[in-house]
Amino acid sequence: MNTHELARELGLPGAQKLLSGSMARLAYNGHDGFPRVVPVGFHWTGERIVVSTAPTAPKARALSARPQVALTIDTGSTPEEAKALLVRGLATLQTVDGVTEEYLAAARSSMDESQLAEFERNVQSTYRQMVRISIEPQWARFYDFGAGRLPTFLADLVTDG
């Protein structure tokens with residue numbers, strides 16, 4: 001996918017709404033070569049998806065060896081409401097002292113002020129260091145099943161049916 005196509009896909013209003021959320025599913029290859037899918041909090045910077053974790057997290061070690069990842073951000077519990085943003089990209093890791101700003105920014109988007117103050121105190125006292133996993137999208141696709149923005153194979157079935 002070229003950069004223009006990628007920017008167009010990520011810039012769709014539905015994709016932007018999903019990117020303004022705080023939870024995704026991250027897929028990566030573990031040390032044993034088997035795939036893993038884990039729920040993660042994330043922060044969209046406008047260019048990269050940032051996930052923060054402890055330096056001892058299995059995903060940090062695995063991603064340092066194999067940086068290829070996939071993410072899914074989705075919503076809706078019925079076919080008419082279902083929306084999904086699929087992203088594939090490359091992760092770069094950086095260990096930082098304390099808590100990453102992106103981790104706190106993700107929390108700010110999903111908590112009220114009273115919850116946030118306590119949350120920040122707790123994470124500041126828990127994490128001496130964090131790993132910033134910065135994911136550069138290489139490919140993305142936004143689907144809105146209720147509006148008929150479907151994967152090609154499904155759209156072909158509907159058209160041929």
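Biologist: Hi! Before we dig in, how many helices and strands does the protein chain have?
Modeller: Hello! This is a predicted model, and its protein chain has 6 helices and 7 strands. From the N terminus on, the elements go α-α-β-β-β-β-α-β-β-α-α-β-α.

Biologist: And what box do the C-alpha atoms fill?
Modeller: Along the principal axes, the box is roughly 60 × 40 × 30 Å. As for the 161 residues of the protein chain, 36% of them count as buried.

Biologist: Nice. What order do the strands of the sheet come in?
Modeller: The order is β2-β1-β5-β6-β7-β4-β3, in an open sheet of 7 strands with antiparallel pairing. The edge strands are β2 (35–41) and β3 (43–44), each of which pairs on one side only.

Biologist: Let's walk across it. How many bridges join β1 to β5?
Modeller: There are 3 bridges between β1 (residues 23–29) and β5 (residues 68–75), and these strands run antiparallel. Look for leucine 26, which stands opposite leucine 71 in β5.

Biologist: Next step, then: how many bridges join β5 to β6?
Modeller: That antiparallel pair has 8 bridges, with β6 covering residues 83–97. You can find alanine 70 there with its bridge partner in β6, arginine 88.

Biologist: And how many join β6 to β7?
Modeller: For β6 and β7 the count is 15 bridges, again antiparallel. On that pairing, valine 87 stands opposite alanine 140 in β7.

Biologist: One more pair. How many bridges join β4 to β7?
Modeller: 5 bridges link them, and they run antiparallel too. Two facing pairs to click on are isoleucine 49 with isoleucine 135 in β7, and valine 51 with isoleucine 133 in β7.

Biologist: β7 keeps coming up. How many of its 16 residues are buried?
Modeller: 12 of the 16 are buried, so β7 is largely enclosed by the rest of the structure.

Biologist: Switching to the helices: which strands does α1 lie across?
Modeller: α1 lies across β3, β6 and β7, and its direction is at about 90 degrees to β7. Helix α3 packs on the sheet as well, where it touches β1, β2, β4, β5, β6 and β7. The direction of α3 makes about 50 degrees with that of β1.

Biologist: Which residues of α3 are buried?
Modeller: Those are Lys59, Ala60, Ala62 and Leu63. Their cover includes β1, β2, β4, β5, β6 and β7. A handy bit of background: an α-helix has 3.6 residues a turn, so residues three or four places apart point the same way.

Biologist: Okay, now the inside. Which residues touch the most other members of the largest nonpolar core?
Modeller: Out of its 27 residues, they are Leu10, Ile49, Val69, Leu71, Leu85 and Ile135. Several elements supply at least two residues each to this core, including α1 (3–11), α2 (13–19), β4 (49–53) and α3 (58–65). The most comes from β7, which gives 5 residues. In soluble globular proteins, nonpolar side chains tend to be buried together.

Biologist: Could we zoom in on leucine 85? What is it in contact with?
Modeller: Setting aside neighbours within four places in sequence, leucine 85 is in contact with Leu10, Ala15, Leu18, Leu19, Leu71, Thr72, Ile73, Ala140, Arg141 and Phe142. There is also a second, separate core of 8 residues, among them Val99, Leu104, Phe119 and Met130.

Biologist: New topic. Where is threonine 100?
Modeller: Threonine 100 sits in the loop between β6 and α4 (101–108).

Biologist: Is threonine 100 buried or exposed?
Modeller: Its relative accessible area is 1%, and buried means under 20%, so threonine 100 is buried. Leaving out neighbours within four places in sequence, threonine 100 is in contact with Ser52, Met130 and Arg132.

Biologist: Last one! Which feature does UniProt place at residues 23–126?
Modeller: The unreviewed UniProt entry lists "domain: Pyridoxamine 5'-phosphate oxidase N-terminal" there. In this model the end C-alpha atoms of residues 23–126 lie 21 Å apart, and the span is 29% helix and 42% strand.

How values were computed. Residues numbered from 1 in each chain as written. Predicted model: local features only at pLDDT ≥ 70, side-chain atom pairs only at ≥ 80, totals over all residues. Heavy atoms only, no water. Pairing = 2+ DSSP bridges. Helix = DSSP H or I, 4+ residues; strand = E, 2+ residues; numbered from the N terminus. Core = buried A, V, L, I, M, F, W, Y, C linked by side-chain atoms within 4.5 Å. Buried < 20%, exposed > 50% of the residue type's maximum accessible area, 1.4 Å probe, protein only. Contact = heavy atoms within 4.5 Å. Axes fitted to C-alpha atoms, helices over the stretch in contact; angles between N-to-C directions. UniProt positions renumbered as here; feature names shortened; annotations may be inferred.
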